[in-house]
Amino acid sequence: MGENRETILSPYGRNLQAQNYKFEPMYGHMGSLIYEAMTTGDHSEVRALLSILPRGEVLELACGDGRLTLPLLARGNRVYAVDNSPQMLHLLSKKAARRSSLADRLTVSCQDISSRDSTYPGMYDATFIGASSITLFEQPERVFVLHSMSSVTKPQGLVAVTQFTPRASAHKEMHFELESIGASITLVEEEVQSGDARDIYIMPHELDGRAVSKMVMHHRVKILSEADLFTDFKIAGVKVEDVSEIADGSVFGTTRILVGRPE
């Protein structure tokens with residue numbers, strides 16, 4: 001990822017580094033398969049977004065493997081789906097191709113949404129970034145992403161963002177058996193020293209029934225309050241019209257959807 005992990009990793013990550021763990025992209029080939037398996041059956045955010053987003057042309061940023069994209073396509077939306085992971089976009093396109101009616105309404109684009117070179121053709125009835133992906137960015141990048149969304153949203157269209165706020169701090173470690181891909185993994189979430197972010201580590205021990213040794217995927221997410229995103233929306237020229245909490249029953253935190261319109 002081009003980062004100096006000696007200075008940015010939380011203590012858990014530095015310990016892995018000292019043990020010569022190999023760091024892989026969070027959403028590379030292996031990470032994409034694990035993410036897909038972990039999120040299968042998670043429909044709470046899907047239901048909430050479907051109740052908010054209008055039918056018509058939609059721009060989805062950080063679309064991943066299509067957990068939110070595919071239900072939108074299935075109900076008749078046309079979706080321009082953007083992600084910076086070729087592996088994730090491959091999974092999405094493969095799923096959509098199983099039904100020609102879905103594939104006909106889908107356009108995928110591989111690009112970095114925080115880059116000044118990012119472009120989205122046309123104007124959309126709604127633009128959104130789900131799965132709390134907005135928390136992957138520092139404030140200047142968040143404002144840029146929101147402004148980019150607003151600039152291609154029709155005057156009466158919607159700009160929507162989902163945001164997760166964890167309930168507890170410190171260190172959490174969880175183990176998962178993902179039978180669909182023959183995987184066994186450990187997921188660790190650790191608060192960084194500044195207290196305003198979490199480091200996420202995923203360590204596969206087994207994949208497709210085969211042992212995996214000393215490999216870890218890592219990324220950092222910002223801890224954002226509702227007020228933080230209100231500020232981001234305002235700077236980006238988006239007026240917040242509604243905030244609702246997703247009733248997902250999570251013991252780990254609260255997910256909200258912020259919806260606004262271009263000012």
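**Entry 1: the strands around β11**

I began with F23 and found that its bridge partner in β11 is V216. I use the helix and strand names of DSSP runs, helices being H or I of at least four residues and strands E of at least two, numbered from the N terminus. The model I am reading is predicted, so I kept in mind that local features need pLDDT of at least 70 and side-chain atom pairs pLDDT 80 or more, while totals for chains, interfaces and linings use all residues. Residues are numbered from 1 along each chain as its sequence is written, and side-chain values use heavy atoms, with hydrogens and water left out.

Within it, A197 stands opposite K222, and I200 has H219 as its bridge partner.

I then asked how many residues of β11 are buried. Seven of its eight residues are, and the strand is mostly covered; here buried means under 20% relative accessible area, exposed over 50% and partly exposed in between, with a 1.4 Å probe and protein chains only. Strand β9 is also mostly covered, with nine of its eleven residues buried.

Which residues of α2 (residues 11-18) are buried? I listed Y12, G13 and L16. Seen down the axis of α2, the buried residues fall within an arc of 95°, so they line one face of the helix; the arc is that of the directions from the helix axis to the C-beta atoms. They pack against β1, β7, β8, β9 and β11, where contact means heavy atoms within 4.5 Å. After α2 comes N20, with a positive phi near 65°.

In α3 the buried residues are M30, G31, S32, I34, E36, A37 and T39, and what covers them includes α6, β7, β8, β9 and β11. Just after this helix I noted G41, whose phi is positive, about 90°.

I then followed α3 (residues 29-39) to α6 (residues 86-96): their axes come within 8 Å and cross at roughly 50°. Axes are lines fitted to C-alpha atoms, for helices over the stretch in contact, and angles run from 0 to 180 degrees between N-to-C directions. The two helices are therefore oblique to each other, since angles under 35 degrees count as roughly parallel, over 145 as roughly antiparallel, 65 to 115 as roughly perpendicular and the rest as oblique. The contact is made by H29, S32, Y35 and E36 of α3 together with Q87, M88, L91 and K95 of α6.

**Entry 2: the seven-stranded sheet**

I traced an open, mixed sheet of seven strands in the order β4-β3-β2-β5-β6-β13-β12. Strands β4 (106-110) and β12 (238-245) stand at the edges with a single partner strand each, so one side of each is left without a neighbour in the sheet. Neighbouring strands are turned by 20° against each other on average, direction ignored. Strands β5 (residues 124-129) and β6 (residues 153-166) run parallel and are joined by five bridges, one of them between Y124 and T153.

Helix α6 packs on this sheet, touching β3 and β4, and its direction makes about 170° with that of β4. Helix α8 (residues 139-151) packs on the sheet as well, touching β2, β5, β6, β12 and β13, and makes about 150° with the direction of β6.

**Entry 3: two single residues**

S148 has its place in α8, and at 10% relative accessibility it counts as buried. K239 lies in β12; leaving out residues up to four places away in sequence, I found that K239 touches V259, G260, R261 and E263. From K239 to D208 I noted 31 residues in sequence and 47 Å in space, C-alpha to C-alpha.

How values were computed. Two strands pair if DSSP finds at least two bridges between them.
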